Amino acid sequence: MITSRLIKFLSTAALVVGFTTIAHAQATRTWVSGVGDDVNPCSRTAPCKTFAGAISKTATGGEISVLDPGGYGTLTVTKAITVDGGSGAGWGSSLFSSVNGFIINITTNLATDKVILRNLSINGAGTTLGVDGIRFLDGASLTVENVRIFNFSGDGIEVNQSQASNMFLKNVKITHGAVGIKVASSSGACAGSMVDVHIDGMSSHGFQAVSNSTFAIRDMFTARCQGSGVRSEAASVNLAILDSISSGNNFGFEATAGTVRIGNCGMFYNNTNLSTIVQTGGNNRSGGNSTTNVPAPNGMTIN
């Protein structure tokens, strides 16, 4: 009898442990929907309501996907993750009045600490505007693709790292804020590339490289910034910029320190087209600027 009861007890305990393990399992892909609920398991048929609700149920390196148009809130990212808002009218929206939109702060310092934000609308609209659209504070790599960031009081994208990192931007539009993109790493360079980036209507600078920044940039358009379209501020900054336009800014391309190389770029209707320490590989165009300077030659070698 005792043996029989013991067997039943152990069997029941095993079932409870099994159910508990299942309940706490994390999925490689989770889903959010405007009609979801964060108490759900975040499956496709039982989606969550917010990005914050879904991330705890998503495995490291997994993906949060958006099922339908909706506002899915802000998100603090502490592990490798992909957030994909879908495509077209189904892009996931994040509204972040008075706070930050996405904060990436992965402190494990692993090479696999990579974050991808794709197909998102990040809107700081509200009585009090949101602060930064994306803050990259710690982590190995950040990719931002097909993302719109607008209506914010701080930076569209801010990098403020204490270690080397990578950042890749493609098809990103940032409007109506203070600084479009600001990079300031205290130790180790933030390096990467930017392709098809549009920054418009900043009360300060379009792209501000404060320190420890190395980027190859192509097809960047900066316009109507009260500061500079592109600005370098430290000897640790190295920027190579091709096929880009800076228009209607205080400075088109400005280097107070560091190295800024431009080729096949246009500078139109700025107060000053560029600062004289900006280097050129040739084939640049200036027109309609209040002050026109000549860049330093031999910035790039043409083979």
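Student: What is the average pLDDT of the chain, and what does pLDDT stand for here?
Tutor: This is a predicted model, and pLDDT is the predictor's confidence in each residue, on a scale from 0 to 100. The chain averages 90, and 89% of the residues score at least 70.

Student: Which stretch has a pLDDT below 50?
Tutor: That is residues 13-23, a stretch with zero contacts in the model beyond near neighbours in sequence. Where pLDDT is low, the predicted coordinates should not be read in detail.

Student: Why is alanine 59 called buried?
Tutor: Its relative accessible area is 18%. Buried means under 20%, so alanine 59 counts as buried.

Student: Where is alanine 59, and what does it touch?
Tutor: Alanine 59 lies in strand S2, residues 58-66. Leaving out residues up to four places away in sequence, alanine 59 touches Gln26, Ala27, Thr28, Lys79, Ala80 and Ile81. Alanine 80 is 21 residues from alanine 59 in sequence, and the two C-alpha atoms are 8.7 Å apart.

Student: How do you know that cysteine 42 and cysteine 48 form a disulfide?
Tutor: The sulfur atoms are 1.8 Å apart, and the cut-off is within 2.5 Å. A search of the whole structure finds one disulfide. A disulfide is a covalent bond between the sulfur atoms of two cysteines.

Student: What makes the disulfide of cysteine 42 and cysteine 48 left-handed?
Tutor: The torsion about its S-S bond is about -70°, so the disulfide is left-handed.

Student: Are cysteine 42 and cysteine 48 buried or exposed?
Tutor: Cysteine 42 has 1% relative accessibility and counts as buried. Cysteine 48, at 0%, is buried. Cysteine 190 is buried at 0%, and cysteine 225 is buried at 2%. Each value can be set against the limit of under 20%.

Student: What makes a set of residues a nonpolar core, and how many residues has the largest nonpolar core?
Tutor: The members must be buried residues of the nonpolar kinds, joined through side-chain atoms within 4.5 Å. The largest such core has 60 residues. Those with the most contacts inside it include Phe51, Ile104 and Ile134. Strand S14, residues 190-202, gives the largest share of this core, five residues. In soluble globular proteins, nonpolar side chains tend to be buried together.

Student: What is isoleucine 104 in contact with?
Tutor: Beyond its neighbours within four places in sequence, the contacts of isoleucine 104 include Val77, Val115, Leu117, Ile134 and Phe136.

Student: How do you know that strands S10 and S12 pair?
Tutor: Pairing needs at least two bridges, and nine join S10 (residues 141-150) to S12 (residues 165-177), so the two count as paired. They run parallel. Phenylalanine 150 stands opposite threonine 175 in S12. S12 and S14 also pair in the parallel sense, over eleven bridges, and asparagine 166 has alanine 191 in S14 as its bridge partner.

Student: Why are strands S4 and S23 said to stand at the edges?
Tutor: The open sheet has nine strands in the order S4-S7-S9-S11-S13-S15-S17-S20-S23, with parallel pairing. S4 (75-77) and S23 (272-274) each have a single partner strand, so one side of each is left without a neighbour in the sheet. Neighbouring strands of this sheet are turned by 15° against each other on average, direction ignored.

Conventions
Residues numbered from 1 in each chain as written. Predicted model: local features only at pLDDT ≥ 70, side-chain atom pairs only at ≥ 80, totals over all residues. Heavy atoms only, no water. Helix = DSSP H or I, 4+ residues; strand = E, 2+ residues; numbered from the N terminus. Buried < 20%, exposed > 50% of the residue type's maximum accessible area, 1.4 Å probe, protein only. Contact = heavy atoms within 4.5 Å. Axes fitted to C-alpha atoms, helices over the stretch in contact; angles between N-to-C directions.
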